[in-house]
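Thank you all for coming.

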Amino acid sequence: MCRDTILSEASGNILLHHLKSFQENDIEALMSDYTAKSVLITQDATYIGLEEIRTFFTNLIVYFPKQKSIIELDKMEAINNLLYIVWHAKTPTLVMPFGTDTFIIEHGKICQQTFAGQLTFNKKN
């Protein structure tokens with residue numbers, strides 16, 4: 001097995017674009033990272049294609065309002081076209097002490113992704 005722990009410039013750019021687009025709540029920019037054949041697997045469901053992945057992000061992003069959310073990257077590991085991140089976040093409506101994504105990037109797009117996280121929603125008074 002060939003192990004290349006240096007994040008390629010192209011893969012790094014896709015990851016940075018993805019993270020920035022999420023933080024900016026820019027669904028269109030976020031979706032430009034995927035293809036019609038992309039797959040996103042989460043703890044709740046599997047999303048295939050642009051329409052299903054868009055639905056996932058549209059429903060999730062409302063809990064991460066722009067300029068009111070703190071998202072911090074704890075770890076990033078890259079081997080060839082495989083990227084792994086661990087992160088945590090705090091927003092006005094939830095605390096997320098642990099989140100993780102794995103990305104497989106091919107031809108400048110996210111082909112496959114997994115996401116899992118512990119989301120604790122703030123209780124209403």
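In which sense, parallel or antiparallel, do S1 and strand S2 pair, and over how many bridges? Before I answer, please keep in mind that this is a predicted model, in which local features need pLDDT of at least 70 and side-chain atom pairs count only at pLDDT 80 or more, while totals for chains, interfaces and linings use all residues. Residues are numbered from 1 along each chain as its sequence is written, and side-chain values use heavy atoms, with hydrogens and water left out.

To the question, then: S1 and S2, the latter being residues 46-48, pair in the antiparallel sense over three bridges, where two strands are said to pair if DSSP finds at least two bridges between them. The helices (H or I, at least four residues) and strands (E, at least two) that I name are DSSP runs, numbered from the N terminus. S1 and S2 form a hairpin with three residues between them, and within this pairing Val 39 stands opposite Ile 48 in S2. S1 is also joined to S6, by five bridges, and these two strands run parallel; Thr 42, for instance, has Phe 115 in S6 as its bridge partner.

Buried here means under 20% relative accessible area, exposed means over 50%, and partly exposed is in between, with a 1.4 Å probe and protein chains only.

Now for the charged pairs. Taking a salt bridge as a side-chain nitrogen of Lys or Arg within 4 Å of a carboxyl oxygen of Asp or Glu, the count comes to two. In one of them, Lys 66 pairs with Glu 24, with the closest N and O atoms 3.3 Å apart, and this links the loop between H3 and S3 to the loop between H1 and H2, the two residues being 42 residues apart. Lys 66 is partly exposed, at 38% relative accessible area, and Glu 24 is likewise partly exposed, at 38%. The other joins Glu 28 to Arg 54, with the closest N and O atoms 2.8 Å apart, and here the link is between H2 and H3, across 26 residues. Glu 28 is exposed, at 54%, whereas Arg 54 is partly exposed, at 31%.

Finally, two backbone details. Gln 67, in the loop between H3 and S3, has a phi near 65 degrees, a positive value in a residue other than glycine, and Gln 67 is exposed, at 75% relative accessibility. His 107, in the loop between S5 and S6, also has a positive phi, near 55 degrees, and is exposed, at 81%.
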